[in-house]
Amino acid sequence: MPYKTLDADGSVTWINKIGPGTEQNPFTEPELTAGENHIGSLGGHTGFSVASFTRPNDASTYNPGDAIANSTSGASNLTFANAARVAGGNGYVQGALLETSHKAFSNKLLLYLYSVNPTAVNDNAAFNQAPNANFITWITFDGAQIQTDGGSGSTVGYIDGLPPNNTWKPFVCGAGSTAIFGQLVTPDGFTPIAQASYRIWLYVTKN
């Protein structure tokens, strides 16, 4: 309940539990201005981000633990843009879907994910990343589960991927960024096809 006080100059100030008002308007309330239009939203926003690359024009056998990348020199990591809603934002990695033109593929692949872009590992080189504070999780794609549309004209196969224990993994993007970064790795080794394409849909919840 507001009350009034008599100031030293004889003027009256109304006081309520949130601060001073005026005699004409003793119920002055603070104005809440939105920092963004997201205010009042409940829960996260489920979406996806897509990244893709084509491996080099060779069929050199991968050893277990080798990276799969777009070049044997000067490779770049996968960039999953807009994984977060705002720069430096956060969310959860739910899973992924991999599309590849190597539709006879039957091995496993691992997608390592980072909140800050690490040094890329070249194609067919050992994936030897040191412990990294920006590591989020990995996603396993089981090539034995590859699916095609079944038609004779099918040119790609699809593999679902999940994080460990099929649990969502939290992430926080780097300062000024909304992206997550990834490196594809073969844990078992295999013989690829030249210029095989890989495209990955990363499913995320954006807070």
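Colleague: How many salt bridges does the structure hold?

Modeller: This predicted model holds 3 salt bridges.

Colleague: What makes the pair of Asp 58 and Arg 55 a salt bridge?

Modeller: The closest N and O atoms of Asp 58 and Arg 55 are 2.7 Å apart. The cut-off is 4 Å between a side-chain nitrogen of Lys or Arg and a carboxyl oxygen of Asp or Glu, so the pair qualifies.

Colleague: Why is Arg 55 called buried?

Modeller: Arg 55 has 2% relative accessibility, and buried means under 20%, so the term applies. Asp 58, at 22%, counts as partly exposed, because this value lies between 20% and 50%.

Colleague: Which residues are linked with Arg 55 in a network of salt bridges?

Modeller: The network links Arg 55, Asp 58 and Asp 123. Asp 123 meets Arg 55 at 3.4 Å, N to O. This pair links distant parts of the chain, 68 residues apart: Asp 123 is in the loop between strands S8 and S9, and Arg 55 in the loop between strands S4 and S5. Both Asp 123 and Arg 55 are buried.

Colleague: What does the salt bridge between Arg 199 and Glu 99 tie together?

Modeller: The closest N and O atoms of Arg 199 and Glu 99 are 3.1 Å apart. Arg 199 lies in strand S13 and Glu 99 in strand S7, so the pair ties together parts that are 100 residues apart in sequence.

Colleague: Why does Arg 199 count as partly exposed?

Modeller: Its relative accessibility is 34%, which is between 20% and 50%, so Arg 199 counts as partly exposed. Glu 99, at 9%, counts as buried because this value is under 20%.

Technical notes: Residues numbered from 1 in each chain as written. Predicted model: local features only at pLDDT ≥ 70, side-chain atom pairs only at ≥ 80, totals over all residues. Heavy atoms only, no water. Buried < 20%, exposed > 50% of the residue type's maximum accessible area, 1.4 Å probe, protein only. Helix = DSSP H or I, 4+ residues; strand = E, 2+ residues; numbered from the N terminus.
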